[in-house]
Amino acid sequence: MEFDLAITLGAILALLVFSAFFSGSETALTAASRPRLHNLAQSGNHRANLVNDLWHEKEHLIGAILLGNNLVNILASALATSVLIALFGEAGVVYATLGMTVLILVFAEVLPKTYALQNADRAALAVAPILRIIVTLLKPLSKVIQIVVRAALSAFGIKVRHALTAEASEEQLRGAIDLHQGEGEEERHEREMLRSILDLGDVWVEEIMVHRKEVVAIDVDQPPSKIVEEVLASSFTRMPLWRDDPDNIVAVLHVKALLRAVQAAGAELDQLDVMAIASAPWFIPETTDLLSQLQAFRSRHEHFAIVIDEYGEVLGIVTLEDILEEIVGDISDEHDEDIEGVQLQRDGSMIVDGKVTLRDLNRRFEWRLPDEEASTIAGLILHETRCIPDTGQVFTFHGFEFEILGRKRNQITSVRIRASEESAGEETMDRPATAQS
């Protein structure tokens, strides 16, 4: 009798160990870092490859773990109940229930899962070879269980998806970026760049282009010496050339090509044929997204494009540098002018040029100003107020106060922005605009 009791107790102890293994394995494989283990697999780590294979069979993995865990828990509870009934009679059922609940909860659930959470990657690599065997052995039963589960869910109109949609995957990635630890300037800049990369496919070139009013272009019918003079007075390396009308762009002149031609011509600049050294203009529609345009720049080995609308009218220009700045922030060299257009004030407010883009403000200060209907701060004010405001008016929306400091004709040129009093500690993104004179 004592020998049988010892065997039964040993079996219960072994089953609790198996239960702890299944519980810890489930937590480890759930909490392990997929990017880190993917990198290990790429470097040739065999166990990391096993973990990746198990992730690809997620349904079979979860089914095998739950099947094994429930099997050993039920068997352990049944053995404990039979032993305690033999010792204490019917009261043994109560003792077995209480005792096994405590043992399973503490030693087969909380303890292994706590360890697995603290050492997820290491634990996942350790259990992967054993789980690979278990999943293979239990796959037939797991398939049957999945069929029953899908049938039960379909009865309620629920469809089981095997993979995340593209939108869900992107949202998951954005969430991981937001969870990127660190509040320093370097970490903040890393988050900005990662978010900007994901946004490239949702931003049109018209939102980042240099508007036609600010484009420096040259009349190609001028004397060559005058053209050279205007090019040297500019800080740009590529210049649009127009004929008869500034909107009639006929070529794009590269400064390096011009300098080579000037060197070859020597003192006879009037004999220089500017059109012969200029390249043909590349026109793109305003609805081109930045990701497509970046790929087009790479495939065509171009750095400069002219943006047009549906009627063929020139709207502005966009360069490869403009797109790269959307990812890494402003790229300045010794010839660039400071055109950021944001001046921080001592009272915590800031004076912003109307042409400053909402994307730049959101990226720099981690705001959430909507940029679906407008691309600049002036455009946002016009969209929200549905009017052309006067100088001195103050508007409150999206958690900020916007004071109009300057207006030239119908264009807002300068705005003071400060956090509204109502926005402290609450979300005000959907508050309608209010104004005061």
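Predicted model: local features only at pLDDT ≥ 70, side-chain atom pairs only at ≥ 80, totals over all residues.
Two bridges connect β1 with strand β7 (residues 314-319), and the two strands run antiparallel. Within this pairing, Val-210 has Ile-317 of β7 as its bridge partner.

## The four-stranded sheet

The strands β1 and β7 belong to an open sheet of four strands with mixed pairing, in which the order is β1-β7-β6-β5. Because β1 (210-211) and β5 stand at the edges and each has a single partner strand, one side of each is left without a neighbour in the sheet. Strands of a sheet pair through backbone hydrogen bonds, and they may do so in either the parallel or the antiparallel sense. The parallel sense is seen where strand β5 (residues 283-285) pairs with β6 over three bridges, and there Phe-283 has Ile-306 of β6 as its bridge partner.

How many of the five residues of strand β6 are buried? Five of the five residues of β6 (residues 304-308) are buried, so this strand is largely enclosed by the rest of the structure. In a regular strand the side chains alternate between the two faces of the sheet. Both faces of β6 are covered, with Phe-304, Ile-306 and Ile-308 buried on one side and Ala-305 and Val-307 buried on the other.

## Salt bridges

Side chains of opposite charge can pair when their charged atoms come close. A search of the whole structure finds 14 salt bridges, and three of them are set out in the table below with their nitrogen-to-oxygen distances.

| Arg-132 | Glu-57 | 2.6 Å |

The side chains of Arg-132 and Glu-57 meet in a salt bridge at 2.6 Å. Since Arg-132 lies in helix α6 (residues 120-154) and Glu-57 in the loop between α3 and α4 (58-88), the pair ties together parts that are 75 residues apart in sequence. Both Arg-132 and Glu-57 are buried.

With Arg-150 in helix α6 and Glu-59 in helix α4, the pair ties together parts that are 91 residues apart in sequence. Arg-150 counts as partly exposed because its relative accessibility is 29%, and Glu-59 likewise counts as partly exposed, at 27% relative accessibility.

Arg-407 counts as partly exposed at 33% relative accessibility, while Asp-390 is partly exposed with a relative accessible area of 45%. Elsewhere, salt bridges that share partners join Asp-347, Glu-401, Glu-403, Arg-416 and Arg-418 into one network.

## Cavity and pocket

The structure holds one cavity of 30 Å³ or more, and the space in the largest cavity comes to about 40 Å³. The lining of this cavity consists of Glu-207, Ile-208, Glu-326, Thr-357, Leu-358, Arg-359, Asp-371, Ala-374 and Ser-375. By class, these lining residues divide into three nonpolar, two polar and four charged.

The second largest pocket contains about 710 Å³ of space. Its lining comprises 20 residues, of which Arg-174, Asp-199, Arg-359, Asn-362 and Asp-371 lie nearest the centre of the pocket.

Which helix gives the most to the lining of the second largest pocket? That helix is α8, with four residues. At least two lining residues are supplied by each of α7 (166-178), α8 (185-199) and α14 (358-365). The lining of the second largest pocket has 13 charged residues, together with five nonpolar and two polar ones.

## Asn-52 in helix α3

Asn-52 lies in helix α3 (residues 46-56). Is Asn-52 buried or exposed? Asn-52 counts as buried because its relative accessibility is 12%, which falls under the 20% cut-off for that class. When neighbours within four places in sequence are left aside, Asn-52 is in contact with Leu-37, His-38 and Ala-41.

Terms used: Residues numbered from 1 in each chain as written. Heavy atoms only, no water. Buried < 20%, exposed > 50% of the residue type's maximum accessible area, 1.4 Å probe, protein only. Contact = heavy atoms within 4.5 Å. 1 Å grid on protein atoms, 1.4 Å probe; cavity = no way out; pocket = protein on both sides within 12 Å on 5 of 7 lines; lining within 4 Å. Points joined across faces, edges and corners; volume = space filled by probe spheres on them. Nonpolar A, V, L, I, M, F, W, Y, C, P; charged D, E, K, R; others polar. Salt bridge = Lys/Arg side-chain N within 4 Å of Asp/Glu carboxyl O. Pairing = 2+ DSSP bridges.
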